[in-house]
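Here are my notes on the model, point by point. Please keep the structure open while you read.

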Amino acid sequence: METTRHFVATVYAVHDGAVALHEHDKLEMWLPAGGHLDRDELPHAAALRETEEELGLAVDLVAPQEAIASETVRSIPQPQHFLVEDINVDQSGEVGHQHIDFIFYGAAPDRDIEPGPGEQPAADWTWFSAGELQARSDEIPADVVEIGRRAIETVDARP
């Protein structure tokens, strides 16, 4: 079987010591905002677009950016994590679909979630503190708990 891979961008939006997650309708698991990169889109631009669409929030990405540039090169904001995620695994263990995920942290201006048309409603979103993530680790994927905790620490440590 050939594995299909898609590029996606994810944002752990943080405000006042908590990260926004929703129980994804299709995947039936707690996840942050994110989605597929459009064909001509850079990862950080997709991260900002997806957060605006799903949360209605314009986050400030907490993303390192090198000062490397030339006539043909420029640096772009770097993800905090870069993961391969198995999305579709058959009974024999072969992976049919994977996401190559650019994961960013974002400082949200507030907790007022107003999803765009066609997105999951605001009522489906919950703000989790690091302690709440850990307390619900039996229902939230381990990587989401760990990255959510790191995102909270990183965003809250900003001056």
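1. Aromatic pairs. The whole structure holds 3 aromatic pairs. Rings of Phe, Tyr and Trp (its six-membered ring) pair if their centres lie within 6.5 Å; planes under 30 degrees apart are stacked, over 60 edge-to-face, and the rest tilted. One of the pairs is Phe7 with Phe102, which is tilted, at 6.0 Å between centres and 35° between planes. This pair joins distant parts of the chain: Phe7 sits in strand β1 and Phe102 in strand β7, 95 residues apart. Strands (E, at least two residues) and helices (H or I, at least four) are DSSP runs, numbered from the N terminus.

2. Source and numbering. This is a predicted model; local features need pLDDT of at least 70, side-chain atom pairs count only at pLDDT 80 or more, and totals for chains, interfaces and linings use all residues. Residues are numbered from 1 along each chain as its sequence is written, and side-chain values use heavy atoms, with hydrogens and water left out.

3. Buried means under 20% relative accessible area, exposed over 50%, and partly exposed in between (1.4 Å probe, protein chains only). Phe7 has 46%, so Phe7 is partly exposed. Phe102 is buried, at 14%. Ring pairs also link Phe7, Phe82 and Phe102 into a cluster.

4. A second pair. Trp30 and Phe128 are edge-to-face because their planes meet at 85°, with centres 5.2 Å apart. Trp30 belongs to strand β3 (residues 30–31) and Phe128 to strand β8 (residues 125–129), 98 residues apart. Both residues are buried.

5. Glu50. Where does Glu50 lie? Glu50 is in helix α1. Its relative accessibility is 7%, so Glu50 counts as buried. Beyond neighbours within four places in sequence, Glu50 is in contact (heavy atoms within 4.5 Å) with Gly34, Gly35, His36 and Leu55.

6. Helix α3. Helix α3 (residues 142–156) has 15 residues. From first C-alpha to last, α3 reaches 21 Å, close to the 21 Å expected at 1.5 Å a residue. The expected span is 1.5 Å times one less than the number of residues. Buried residues of α3 include Val144, Ile147, Ala151 and Val155.
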